[in-house]
Amino acid sequence: FVAAVAEALRTHPEVNSSFSPNGLLLHKRIHIGIAVAVTGGLLVPIIQDADELNLAGLARAVNDLAARARGNKLSPDELQGGTFTVTNHGVSGSLLGTPIINQPQAGILGIGKISKRAVVRAGGHPLLPSADDAIVIRPMCYLSFSFDHRVLNGAEADGFVGKVVKVLEHWGQ
C-alpha cells in the first residue's frame with residue numbers, strides 16, 4: 001500500500017502538498033507517515049523519501065518504524081516532516097473508516113479490512129453482461145481518503161485514489 005501511495009503521489013503531486021497562509025506548498029519529496037497504534041494512543045513515524053525505496057526497503061522501513069514506535073524507541077525527528085499519511089484501520093476488522101488528516105498534510109488514506117470476496121472479472125464491457133465474464137475470488141478492501149478541500153477538489157482526490165487502486169490491481173504486471 002505504501003508503494004502504491006508513493007507512486008500515486010508522484011503522478012498526483014498536488015496531493016503531496018500543504019495549505020499555508022501564503023498559499024499552496026507543493027512538497028518535492030515524498031515522506032509518508034504510517035499510523036501505528038501504541039499503548040495509550042497513536043504515533044505516526046515517517047518514511048523519508050518513500051518513493052525512492054523498493055518494495056523490500058519499504059517493508060523493512062514500515063516494520064522497523066512500527067516496532068520502534070511500539071517500543072517507545074523513536075527519535076523526535078522520526079515523527080516530523082511527513083507529507084502524507086497511511087492508516088490501516090482494518091487491522092481491528094473495520095471495513096470503513098473516516099481518518100482525520102494529519103495537519104498540515106493535504107490527505108490521509110485509510111485501509112479497511114482485507115478479506116477474500118467473490119468479484120466479477122469482466123470479459124467485455126465493464127457494465128454489460130458477457131459470456132466472457134468470470135466470478136473469481138480476490139482479496140478486497142475499501143479505501144477511504146480524507147483530504148483538505150482547500151488543496152484538492154473531489155475530481156483530483158478521485159484521480160489519486162484511482163491511481164492507488166490501479167497500481168494495486170496491476171501489481172507486478
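Mentor: Glycine 33 stands opposite isoleucine 46 in E6, where a strand is a DSSP run of E of at least two residues, a helix is a run of H or I of at least four, and both are numbered from the N terminus. Before we go further, keep in mind that this is a predicted model, in which local features need pLDDT of at least 70 and side-chain atom pairs count only at pLDDT 80 or more, while totals for chains, interfaces and linings use all residues. Residues are numbered from 1 along each chain as its sequence is written, and side-chain values use heavy atoms, with hydrogens and water left out.

Let us now turn to the sheet. E3 and E6 run antiparallel and are joined by two bridges, and two strands count as paired if DSSP finds at least two bridges between them. In general, the strands of a sheet pair through backbone hydrogen bonds, either parallel or antiparallel. The sheet here is open, with five strands in the order E6-E3-E7-E8-E11 and mixed pairing. Its edges are strand E6 (46-47) and E11, each of which pairs on one side only. Helix H3 packs on this sheet and touches E7, E8 and E11 (a contact means heavy atoms within 4.5 Å), and its direction makes about 145° with that of E11; axes are lines fitted to C-alpha atoms, for helices over the stretch in contact, and angles run from 0 to 180 degrees between N-to-C directions.

The nonpolar core comes next. A nonpolar core is a set of buried Ala, Val, Leu, Ile, Met, Phe, Trp, Tyr and Cys residues joined through side-chain atoms within 4.5 Å, and buried means under 20% relative accessible area, exposed over 50% and partly exposed in between, with a 1.4 Å probe and protein chains only. The largest such core has 34 residues, and the members touching the most others are Val5, Leu9, Ile32, Ile47, Phe84, Phe145 and Phe160. Two or more residues each come from helix H1 (2-11), strand E3 (32-34), helix H2 (55-70), strand E7 (84-87), strand E8 (107-111), strand E11 (143-147) and helix H3 (154-169). Of these, H1 gives the most, with seven residues.

Isoleucine 47 shows how such a member is surrounded: if residues up to four places away in sequence are not counted, isoleucine 47 touches Val2, Ile30, His31, Ile32, Ile34, Leu53, Leu58, Ala61, Val62 and Leu65. As for H1, seven of its ten residues are buried, so this helix is largely enclosed by the rest of the structure. The buried residues of H1 are Val2, Ala3, Ala4, Val5, Ala6, Ala8 and Leu9, and what covers them includes E3, E6, H2, E7, E8 and H3.

The structure holds four aromatic pairs, where rings of Phe, Tyr and Trp (its six-membered ring) pair if their centres lie within 6.5 Å, and planes under 30 degrees apart count as stacked, over 60 as edge-to-face and the rest as tilted. Phenylalanine 84 and phenylalanine 145 have ring centres 6.0 Å apart and planes at 35°, so this pair is tilted. The pair links distant parts of the chain, with phenylalanine 84 in strand E7 and phenylalanine 145 in strand E11, 61 residues apart. Phenylalanine 84 is buried, at 0% relative accessible area, and phenylalanine 145 also counts as buried, at 14%. Phe84, Phe145, Phe147 and Phe160 form one aromatic cluster.

Beyond the strands, two loops deserve a look. Aspartate 148 lies in the loop between E11 and H3 and counts as buried at 6% relative accessibility; leaving aside neighbours within four places in sequence, aspartate 148 is in contact with Phe19, Ile101, Gln103 and Ala106. The peptide bond from glutamine 103 to proline 104 is cis, with omega near 10°, and proline 104 lies in the loop between E7 and E8. Most residues other than glycine have a negative phi, and most peptide bonds are trans.
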